[in-house]
Amino acid sequence: MAQNANQHQVKAKKYLGQHFLNDESIAEKIANSLSFKGYKHVLEIGPGMGVLTKYLLKKETTTHVIEIDPESVEYLKNNYLNLADRVIEQDFLKYNLNEVFENEPFAIIGNFPYNISTQIVFKTLEMRDQIPEFAGMFQKEVAQRICSKEGSKVYGILSVLTQAFYDAEYLFTVPPSVFNPPPKVESGVLLLKRKENYTLSCSEDLLFKVVKTAFQQRRKTLRNSLKTLNLSDNLREDSIFGMRPEQLSVVEFIRLTTLIENDLNN
Ligand code: SAH
């Protein structure tokens, strides 16, 4: 519970993507989507006035929050006294999280600012060795895209690269009406669980390059879209090159990258 009900509410700022959730049962449901197992720390990105935070604070794990908005930080420090030492007033995208977590694992959670949600996912992928679980609310289409499988219209770069390292599950949809101010679009909550005991059979950098290059021209066959990689004629005869990127599963993208890597090394 907020400890000082007299504190002024934070005024929503558009440039920070602030849409405050005002439905307690949805906040609790989002907080409960993590397992809270296998790590001692949870990092909430963009806590705002702490609607989710208060449910996280009930768990045995230690809650940390990172918030860019000084007004929200002041509100949090005044209203959640036992959180005050663990409020990081920083930009999540720029801050070096090892300053707080060193090499310890931590989970990520949040009702994210939608203008930077894709970058939040990419930073998570970079730090995945320390992030076994990730739950969060995105713009619905982005959440669906991250979780979608091959053959779907929204399957793309974000789907393949996330699912190369995490199992992705779309949990539920949230309507605009439960936010203040309401966003123009629906929201979706998803859960990512890292694939354990798993290593890529190909270079990660090359996988990113192949996936991005292929989806830049998603209507073309891989034979056409991957021309710029200077592959041998022999390799380009392989039937996989007759496919379009949206037809390839994550496993097939990894196999494709492995073939390309061997070809480039020859
Ligand atoms: N979790 C709160 C607020 C969601 S709005 C709720 O559900 O009500 C998104 C929040 O992210 C805002 O508080 C905004 O200030 C914060 N934010 C925006 N950009 C950020 C960044 N780069 N790093 C950290 N927090 C950010």
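This is a predicted model: local features need pLDDT of at least 70, side-chain atom pairs count only at pLDDT 80 or more; totals for chains, interfaces and linings use all residues.

Residues are numbered from 1 along each chain as its sequence is written.

The protein contains 11 helices and 9 strands; helices (H or I, at least four residues) and strands (E, at least two) are DSSP runs, numbered from the N terminus. Along the principal axes, its C-alpha atoms fill a box of roughly 70 × 40 × 25 Å. Of the 266 residues, 36% count as buried. Here a residue is buried if 20 or more other C-beta atoms lie within 10 Å of its own, exposed if 12 or fewer, and partly exposed in between, with C-beta atoms placed from the backbone.

The domain assignment gives domain 1 (14-194) and domain 2 (204-265); such bounds come from an automatic or database domain assignment. The centres of domain 1 and domain 2, taken over C-alpha atoms, are separated by 32 Å. Their contact takes 9 residues from domain 1 and 12 residues from domain 2, where contact between two residues requires C-beta atoms, placed from the backbone, that lie within 7 Å.

The UniProt record, an unreviewed entry, places the feature "domain: Ribosomal RNA adenine methylase transferase N-terminal" at residues 26-196. UniProt positions are given in the numbering used here, feature names are shortened, and annotations may be inferred rather than shown by experiment. That span is 29% helix and 26% strand, and its end C-alpha atoms lie 29 Å apart.

Which residues are closest to the ligand? They are G46, G48, D69, N111 and P113, among 24 residues that surround it; a residue is near a molecule if its C-beta atom, placed from the backbone, lies within 6 Å of it. Strand 1 (20-21) and strand 5 (106-111) each supply at least two residues of this shell.

The UniProt annotation "binding site", again from the unreviewed entry, covers H19, L21, G46, E67, D91 and N111. I take two of these residues in more detail. H19 lies in the segment before strand 1 and counts as buried because it has 22 C-beta neighbours inside 10 Å. Apart from neighbours within four places in sequence, H19 is in contact with A12, F179, P181 and P183. E67 is found in the loop between strand 3 (62-66) and helix 3 (70-79). Is E67 buried or exposed? E67 is buried, because 26 other C-beta atoms lie within 10 Å. Residues up to four places away in sequence aside, E67 touches G46, P47, S72, V73, L76, V87 and E89.

Finally, I turn to helix 6 and strand 9. The buried residues of helix 6 (residues 140-147) are V142, A143, R145, I146 and C147. Their cover includes helix 5 (117-126), strand 6 (133-139), helix 7 (157-163), strand 7 (166-174) and strand 9 (187-194). V189 is found in strand 9, and its contacts beyond four places in sequence include A143, I30 and L171. V189 and I30 are 159 residues apart in sequence, yet 7.3 Å apart in space, C-alpha to C-alpha.
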